[in-house]
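Trainee: I'd like to learn how to read a few features off a model. Can you walk me through one?

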Amino acid sequence: SPICYNVARKPERNNFMDYTGRLAISYYNTIATINSEHKVYLVQHQENKKIFIKKVLDVYNLHIYEYLQSHYITGVPKLYEIYEENGQLTLIEEFVSGVSLREFMDTQTISSDFIIRLICELCDILGTLHSLNPPIIHRDIKPSNIIITPDNHVVLIDFNAAKYLTDRENSDTILLGTKGYAAPEQYGFGSSTPQTDIYALGVLLKELSAALPVSLNILDSIIDKCTQMNPSDRMENVYKLKADIQRLKQSKVVKQSVKPAKWKKFIPPGFRTKRPWKMLIAAIGYLFIILTSLCLQVENPTPITLWANRIIFILVMLSVVVCCFNYCDIRRFMPLCMNRHRIIRYLGVFLLCLFFINLCVLLLVIAESIL
């Protein structure tokens, strides 16, 4: 749950309240609502028909978004338009194809190689932000703010909690972040620094390591160093964290730990995360498929053809589940499923489902002709 207390009113800048900025924003038509609570929308430009993300922020640092608009940073969505009016900031930013790390963790098998690559890419992004003058502190690093692209790269989003590092403040005057990931200084016990983001990386690393099939105690010392209460006791910078993580690549412990995980990819969708509510829904779904197939009737059946139809029905339903939940990474065989545009990806999933359904029907026709 987000933390947001004592939010001060931000001064508006008149140069952004002009007709030019308003006109630029008006060229983007809303085609879908991504998150109504956080005012995030999928929009399309009227002229070039390209897809973008539109966000309306109530809490923000205008100067940071101005910098991000004029300076592209690898691993951060490109900003195309910003417009401030009536205490709100409207953003038009690059549409990044992919899934959030939260969704990835819920549906995919986590490996040590994935964790190492993820943390290293996040360190590169944050290293760039922290090396600016003055440094930019993100202050809200969490799985839902990290996008995993189809080619397995990392994009860091949502800078509404970000701030510049200044020496003038002894403590944060605006408390922003997410409970569980926010460092102690974000609760008013000090001023946010690059170590604030390092704390969140440590929490993230702990959550990722807990999702591994086997425990990696070798990560405990790194996590402990990142999540010290006192910022001065944490990692010196993200590059030191990256160096420590990269050393794990050569670790025999890490290489051996991922071997028992091979079986996990065969666990049915719904049971991979071991979350009780998901397992319950999955069990009910699979039971429904089985019971429905047992109730299936055909005209003038023989026992063999009746059971052939029931088995094919089960295969049809399971093929839909396999495609929709990307079981064993089945979508890699359909290039459209890896497209950066969401609508095209959905079309790819639909076509993949259609292929398996037709394959099952063909098997049924062949079975009936033989029997």
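**Reading the features**

Mentor: Let's start with a loop: P134 sits in the one between α4 and β8 (136-137). Helices (H or I, at least four residues) and strands (E, at least two) are DSSP runs, numbered from the N terminus. Keep in mind that this is a predicted model, where local features need pLDDT of at least 70, side-chain atom pairs count only at pLDDT 80 or more, and totals for chains, interfaces and linings use all residues. Residues are numbered from 1 along each chain as its sequence is written, and side-chain values use heavy atoms, with hydrogens and water left out.

Trainee: What is the peptide bond from N133 to P134 like, cis or trans?

Mentor: That bond is cis, with omega near 0°. N152 isn't a glycine, yet its phi is positive, about 65°.

Trainee: At what angle do helix α4 and helix α5 pack?

Mentor: Axes are lines fitted to C-alpha atoms, for helices over the stretch in contact, and angles run from 0 to 180 degrees between N-to-C directions. Here α4 (residues 112-130) and α5 (residues 194-210) pack at about 170°, their axes 11 Å apart. The two are therefore roughly antiparallel, a label for angles over 145 degrees. Contact means heavy atoms within 4.5 Å; among the residues making it are L118 and L122 of α4 and L201 and L205 of α5. By class, this contact has eleven nonpolar residues, two polar and one charged. Ala, Val, Leu, Ile, Met, Phe, Trp, Tyr, Cys and Pro count as nonpolar, Asp, Glu, Lys and Arg as charged, and the others, Gly among them, as polar.

Trainee: How many salt bridges does a search of the whole structure find?

Mentor: A salt bridge is a side-chain nitrogen of Lys or Arg within 4 Å of a carboxyl oxygen of Asp or Glu. The search finds ten. One pairs K39 with D58, with the closest N and O atoms 3.2 Å apart. That pair links distant parts of the chain, 19 residues apart: K39 is in the loop between β2 (28-35) and β3 (40-45), and D58 in the loop between β4 (51-57) and α2 (62-70).

Methods
Parallel < 35°, antiparallel > 145°, perpendicular 65-115°, else oblique.
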